Amino acid sequence: MNASTGIYVRRWFWVIVSVVGILLGMGISQVVQVHEATAESHDDGLSELAAELEEIKARHRMLQAKWQSELLAQIVPTLTDESNKVKREFVDFLEEIGSPGTPALVAMLRDPNRRVREEAVEALGEIGEILAKNGQSTDTIRDALIASLNDSSRKVRTNAIGELSDIRATSTETFAALIGVLSDSSDSVRADAEDALIELGEGAAMTVAPMLSDALTNSQSPVTRGHIVDVLGGIGEELVDDGKSGDMVVKPLLEALRDTAEDVRRNAADELGEMRATSPDVRDALTRLLDDSSKAVRDAAKKAIRRIEGGK
């Protein structure tokens with residue numbers, strides 16, 4: 001098929017899509033209109049007719065959304081030969097129509113163009129926020145955003161982290177994925193993952209704290225362990241500031257005070273000081289750290305003790 005033929009076929013495809021959509025909408029709309037007219041002309045049984053009308057409208061919306069989703073997902077492969085500008089405009093269109101555009105946006109996360117993938121992630125996040133506000137499931141969008149955490153583009157990965165935070169995805173799947181991102185090759189991506197884990201973790205501390213503790217124990221990377229300590233401390237600070245107990249993060253932080261890596265021990269001391277953790281175990285552990293081989297760790301322990309004493 002040559003280029004002109006391809007364009008001709010695509011144009012007719014869009015025409016057919018539009019006509020079918022109009023006919024489908026008109027057909028069901030006419031049924032709705034007939035029932036509305038019937039309901040208005042009969043006082044008897046009005047409530048029954050109104051209930052039936054609402055049921056038909058609901059079926060109409062479900063059918064329309066399903067049809068749109070399937071059709072739009074089929075259109076994505078036809079965009080292969082289109083310019084990146086056209087594909088990005090299609091992403092904007094999908095965001096505007098909302099939930100029915102989700103499957104097509106998920107498919108566009110595999111597009112070769114980085115900008116298209118970036119904008120598809122943002123569009124999914126916008127739709128996800130609306131669904132979350134309406135109490136609807138965001139699982140499909142969450143899973144797509146989690147998959148994008150492995151994208152080759154740093155910007156796509158940071159976008160995905162931000163959108164997961166915005167839709168308030170506090171599932172174990174989200175936490176496991178974000179903890180994994182603490183080992184990302186990019187400093188900025190790791191920092192964004194930290195922020196997202198702290199923001200989401202405060203409201204789900206009972207879920208995420210054990211996961212972070214396990215990751216702290218099992219990670220072979222001192223850089224990753226340092227980030228985990230930062231997250232634990234950040235969640236602990238938020239809990240304490242809200243008048244809640246931060247005990248659930250204190251135990252893994254005490255373990256981190258014995259880490260083989262100097263930076264991890266220093267981070268743990270800093271976080272315990274920021275939390276103003278007042279348990280005797282914390283004071284004893286920090287006091288022992290005053291004899292650490294690292295001056296940076298000793299200084300952090302001294303500072304933490306002063307903060308805790310000042311808090312008292």
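Where is the place of Arg276? Select Arg276 in this predicted model and the loop between α13 (262–275) and α14 (280–288) comes up with the residue. Its phi is positive, about 55°, although Arg276 is not a glycine. Arg276 has a relative accessible area of 39% and is partly exposed, because that value lies between the 20% and 50% cut-offs.

Next, select Arg168, in the loop between α7 and α8 (172–181). Arg168 also has a positive phi, about 60°, and is not a glycine. With a relative accessibility of 43%, Arg168 counts as partly exposed.

**α7 and α9**

To see the contact, display Arg154, Arg157, Thr158, Ile161, Leu164 and Ser165 on α7, and Ser188, Val189, Asp192, Ala193, Ala196, Glu199 and Leu200 on α9. Coloured by class, the residues of this contact are 6 nonpolar, 3 polar and 4 charged.

**α3 and α5**

Now select helix α3 (residues 84–97) together with α5. The two axes come within 9 Å and cross at roughly 5°; α3 and α5 are therefore roughly parallel to each other. On the α3 side, the contact uses Asn84, Lys87, Arg88, Val91, Asp92, Leu94 and Glu95. On the α5 side, pick Arg115, Val116, Glu119, Ala120, Ala123, Glu126 and Ile127. By class, this contact holds 6 nonpolar, 1 polar and 7 charged residues.

**Glu118**

Stay on helix α5 (residues 114–133) and select Glu118. Is Glu118 buried or exposed? Its relative accessible area is 6%, so Glu118 is buried. The Glu118 side chain makes a polar contact with the side chain of Arg114, at 2.3 Å. Leaving aside residues up to four places away in sequence, Glu118 touches Ser153, Lys155, Val156 and Asn159.

In soluble globular proteins, nonpolar side chains tend to be buried together. Here, the largest nonpolar core has 79 residues, and Met108 and Leu257 touch the most other members. The largest share of this core, 7 residues, comes from α5. Finish by selecting Leu257 and its contacts: beyond residues up to four places away in sequence, these are Arg265, Ala268, Ala269, Leu272, Ala285, Leu286 and Leu289.

Technical notes. Residues are numbered from 1 along each chain as its sequence is written. This is a predicted model: local features need pLDDT of at least 70, side-chain atom pairs count only at pLDDT 80 or more; totals for chains, interfaces and linings use all residues. Side-chain values use heavy atoms; hydrogens and water are left out. Contact means heavy atoms within 4.5 Å. Helices (H or I, at least four residues) and strands (E, at least two) are DSSP runs, numbered from the N terminus. Ala, Val, Leu, Ile, Met, Phe, Trp, Tyr, Cys and Pro count as nonpolar, Asp, Glu, Lys and Arg as charged, and the others, Gly among them, as polar. Buried means under 20% relative accessible area, exposed over 50%, partly exposed in between (1.4 Å probe, protein chains only). A polar contact is a pair of N or O atoms within 3.5 Å; within protein, one must be able to donate a hydrogen and the other to accept it, and residues adjacent in sequence count only if both atoms are side-chain atoms. Axes are lines fitted to C-alpha atoms, for helices over the stretch in contact, and angles run from 0 to 180 degrees between N-to-C directions. Angles under 35 degrees count as roughly parallel, over 145 as roughly antiparallel, 65 to 115 as roughly perpendicular and the rest as oblique. A nonpolar core is a set of buried Ala, Val, Leu, Ile, Met, Phe, Trp, Tyr and Cys residues joined through side-chain atoms within 4.5 Å.
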